[in-house]
Amino acid sequence: MKPWKFILISTLVTLVVGGIYLLVVYQKRQSPGVQTQSSTEQNLTDDDVAIVRQMFMTSFDDAVKLQGASVWMKNGYTLPYFPYEGGRVEFAKKVGLIPSAQKLDIKKVIKAAAPASVDDGIDHGSKQVFAVFTLPGSTSMEATPIGVIEGSQEQYFCDLLFYYDDPHTIYSNWPKDVWAAIDAHQVKAGMSELETRMAIGQKIDNTGGTVGNRTINYDQDGKKWTVTYVKNRATTIKQQ
């Protein structure tokens, strides 16, 4: 085969393949309703795509960046807090557990060694890292653990513990009556699992089933709830 014929045939093949590709692209653009994504991607809810910021802390210097900021409790009714008086954490005077969605105004971040007798939900290590904060409308200083230091190793749990933006803004799609129940730390029929956790906390024991279709027992700092969900809506609510 002469060289010019080979070049001509190659060019024709390229043009045909390119034409087919352009035709397929054109047809897809003319039919935007036809998607190749999985059904899971197509069924994302507003809650699934809500932007929940993370800070990925790895050092004490990272944690110090919280000073002067406000955070909101994500892992409600699991983390104890203590008075901070005279420059020290008063471990013997535990105040209680921080409620869900509670706003904390962080004043400083410190290191302190917790007594072995104190179980504050985080490994003691050689030292713990505490966020010192005030509650809205209060001037009393309180402290709660956010990390642990053991030798040269550091671990921080802030992304699990806190929202860095007001959850009322993050989940602004939730109805006003749902937010009213959450702010009162109550559960009402029709709430989703996430909305319920925002109201009464993360301390749970589920009885099997899949997310949104199961029964969950909640411990809200001693107040017990049993909630059954169908299609991710609370259908039966029992308070002990």
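# Reading a predicted fold

Biologist: I would like to start with a pairing between strands: in strand E6, which residue is the bridge partner of Lys 108?

Modeller: The partner of Lys 108 in E6 is Val 132. Please keep in mind from the outset that we are looking at a predicted model.

Biologist: How many residues of E6 are buried?

Modeller: Strand E6, which covers residues 127-134, is mostly covered, with seven of its eight residues buried. As a general idea to carry with you, the side chains of a regular strand alternate between the two faces of the sheet. For the protein as a whole, 38% of its 240 residues count as buried.

Biologist: In what order do the strands of the open sheet stand, and which of them are at its edges?

Modeller: Four strands form this open sheet, in the order E10-E11-E12-E13, and their pairing is antiparallel. Strand E10 (204-210) and strand E13 (233-239) stand at the edges, and each has a single partner strand, so one side of each is left without a neighbour in the sheet. From one strand to the next, the twist averages 15 degrees. If you follow E10 to its partner, you will find five bridges to strand E11 (residues 213-220), and Ile 204 stands opposite Tyr 218 in E11.

Biologist: Which helix packs on that sheet, and which strands does it touch?

Modeller: Helix H7 (residues 193-200) packs on the sheet and touches E11, strand E12 (223-230) and E13, while the direction of H7 makes about 5 degrees with that of E11.

Biologist: I also see aromatic rings in the picture. How many aromatic pairs are there, and why is the pair of Tyr 163 and Tyr 171 called edge-to-face?

Modeller: The count comes to six aromatic pairs. For Tyr 163 and Tyr 171, the ring centres are 6.4 Å apart and the planes stand at 80 degrees, so the pair is edge-to-face, given that planes over 60 degrees apart are counted in that way. Tyr 163 is buried, with a relative accessible area of 5%, and Tyr 171 is buried with a relative accessible area of 5%. These two tyrosines form one aromatic cluster together with Trp 174 and Trp 179.

Biologist: Where does Leu 97 lie, and what does it touch?

Modeller: Leu 97 is found in strand E4 and is buried, with a relative accessible area of 15%. Leaving out residues up to four places away in sequence, Leu 97 touches Tyr 77, Thr 78, Leu 79, Pro 80, Tyr 81 and Asp 221. Leu 97 and Thr 144 are 47 residues apart in sequence, with a distance in space of 9.5 Å from C-alpha to C-alpha.

Biologist: Is Asp 62 buried or exposed?

Modeller: Asp 62 counts as buried, because its relative accessibility is 17% and the cut-off for burial is under 20%. Asp 62 is found in helix H3 (residues 60-64), and beyond its neighbours within four places in sequence it is in contact with Phe 56 and Met 57.

Biologist: Finally, where do Ala 101 and His 185 lie, and what is the phi of each?

Modeller: Ala 101, which is not a glycine, has a positive phi of about 65 degrees; Ala 101 lies in the loop between strand E4 (96-97) and E5, and at 13% relative accessibility it counts as buried. His 185 also has a positive phi, near 55 degrees, and its place is in the loop between helix H6 (176-183) and H7.

Terms used
Residues numbered from 1 in each chain as written. Predicted model: local features only at pLDDT ≥ 70, side-chain atom pairs only at ≥ 80, totals over all residues. Heavy atoms only, no water. Buried < 20%, exposed > 50% of the residue type's maximum accessible area, 1.4 Å probe, protein only. Pairing = 2+ DSSP bridges. Helix = DSSP H or I, 4+ residues; strand = E, 2+ residues; numbered from the N terminus. Axes fitted to C-alpha atoms, helices over the stretch in contact; angles between N-to-C directions. Contact = heavy atoms within 4.5 Å. Phe/Tyr/Trp six-rings, centres within 6.5 Å; stacked < 30°, edge-to-face > 60°.
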